[in-house]
Amino acid sequence: MKEGYVAEGIREEGPGPEDMEKINRYTRRPFGEEEVFVFSMVLCDNQVDRDGERFPAASLEKLRELFLGKTCIFDHQRSSSNQAARIFDTALEEVPGESVGDGEPLTRLTARAYLPRTKGNEEVIALIDSGMLKEVSVSCAVARRVCSLCGKEECEHDAPRLLLEPTDAYECSFVAVPAQKGAGVTKHYADKQWRALEEEARWGRKYRESLTADVLKYSALVQPELPREVMKSAVKGLSMEELASMGRTYEKMAQKALPLKPQLAVEKEGRFEGQNREYRI
Ligand SMILES: [Zn+2]
């Protein structure tokens, strides 16, 4: 988990035609400029954070792609509904004259997000506008976390760790109370990883069950001769994303009532090696 913030001192001029074009890639119908509220955030940068970790610029570049289209939820008490903003634009911005380790210029990953100006969003918009809501927590998964001195994952060096090869970016959320800011809470990586895994496991289990149920349901329609137990064990090694995509594929096939397509069995082989060591940050 990293902390970002709503960019200060940026007066939003209101979305222009280029912004609307990007925003309307995510909406079901074209929205007008007056219908959306737009704000900017700094999601993270390439400096060493209080966990002693940093994203090299190459990782930020990958995160820039991964955060596009992700949602930002408002996790504060006063709003009971599930308001969410969507990130429609991301960029890397170098800060002139400032550099971080390895001689890289200080680089920030910024994002612009929109939310519709509905009655239900009025309060949240006012809270962002007034600066009451500005801390966001951001999380993502990386494939490797290495020592900045020797490049190994396990070593004795007391050196910053580099977070490499981001594989996923998750929803970000606004934090109501800016607790812990500068409080010097040092989290050990193992704890953090454990907590992240625990959280992921809790949400993940439910989601996985529902995805698996979908796949089994539709595959039974499409491939009735395939024993359920075989299918069950076949989907066990798949990632959520693969399960979801498989479910959608089977659903389409079931809907079209096409004859069975044996390539599904091939499709899922060999695609998921070496990805079982993701770190959730
Ligand atoms: Zn080392």
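Me: Which residues have the most contacts inside the largest nonpolar core, and how many residues does this core have?

Reply: In this predicted model, the largest nonpolar core has 32 residues. Phe39, Met41, Leu43, Leu63, Ile128 and Phe174 are those with the most contacts inside it. Strand E2, residues 36–45, gives the most to this core, with five residues.

Me: What makes a set of residues a nonpolar core?

Reply: Its members must be buried residues of nonpolar kinds such as Leu, Ile, Met and Phe, joined through side-chain atoms within 4.5 Å. In soluble globular proteins, nonpolar side chains tend to be buried together. Another core, of 13 residues, lies apart from the largest one; among its members are Tyr218, Ala244, Met246 and Tyr250.

Me: Which residues is Ile128 in contact with, leaving aside its neighbours within four places in sequence?

Reply: Ile128 is in contact with Val6, Phe37, Phe39, Phe74, Leu133 and Phe174.

Me: Why is the arrangement around the zinc ion called tetrahedral?

Reply: Four donors count as tetrahedral if all angles lie between 85 and 135 degrees. The four donor atoms here subtend angles of 100 to 114°, so the arrangement is tetrahedral. The protein donors are Cys147 (SG), Cys150 (SG), Cys155 (SG) and His157 (ND1).

Me: How do you know that these atoms are donors of the zinc ion?

Reply: A donor is an N, O or S atom within 2.8 Å of the metal. The atoms named lie 2.1 to 2.3 Å from the zinc ion, so they meet that limit. Along the chain, the donors follow the spacing C-x2-C-x4-C-x1-H.

Me: Are Cys150 and His157 buried, partly exposed or exposed, and what makes them so?

Reply: Buried means under 20% relative accessible area and exposed means over 50%, with partly exposed in between. Cys150 has a value of 33%, so Cys150 is partly exposed. His157 has a value of 37%, so His157 is partly exposed too.

Me: How do you know that the buried residues of helix H2 line one face of the helix?

Reply: Helix H2 covers residues 57–66, and its buried residues are Ser59, Leu60, Leu63 and Leu66. Seen down the axis of H2, these fall within an arc of 115°, so they line one face. An α-helix has 3.6 residues a turn, so residues three or four places apart point the same way. The buried residues of H2 pack against E2, E5 (84–99), E6 (105–116), E8 (140–147) and E9 (161–169), which are strands.

Me: What sets Glu165 apart in its backbone?

Reply: Phi of Glu165 is near 50°, a positive value in a residue other than glycine. Most residues other than glycine have a negative phi. Glu165 is placed in strand E9.

Me: Why is Ser239 called buried?

Reply: Its relative accessible area is 14%, under the 20% limit, so Ser239 is buried. Ser239 lies in the loop between helix H5 (228–235) and helix H6 (240–256). From Ser239 to Arg208, 31 residues apart in sequence, the C-alpha to C-alpha separation is 8.9 Å.

Me: What makes Gln223 count as buried?

Reply: Gln223 has 10% relative accessibility, and the limit is 20%, so Gln223 counts as buried. Its place is in the loop between helix H4 (189–222) and H5.

Me: How many helices and strands does the protein have?

Reply: The protein has seven helices and eleven strands. Buried residues make up 39% of its 281 residues.

How values were computed
Residues are numbered from 1 along each chain as its sequence is written. This is a predicted model: local features need pLDDT of at least 70, side-chain atom pairs count only at pLDDT 80 or more; totals for chains, interfaces and linings use all residues. Side-chain values use heavy atoms; hydrogens and water are left out. Donors are N, O and S atoms within 2.8 Å of the metal (3.2 Å for Na, K and Ca); water is not among the atoms, so sites may look incomplete. Four donors count as tetrahedral if all angles lie between 85 and 135 degrees; four count as square planar and six as octahedral if opposite donors are over 155 degrees apart and all others between 65 and 115; anything else is irregular. Buried means under 20% relative accessible area, exposed over 50%, partly exposed in between (1.4 Å probe, protein chains only). Helices (H or I, at least four residues) and strands (E, at least two) are DSSP runs, numbered from the N terminus. Contact means heavy atoms within 4.5 Å. The arc is that of the directions from the helix axis to the C-beta atoms.
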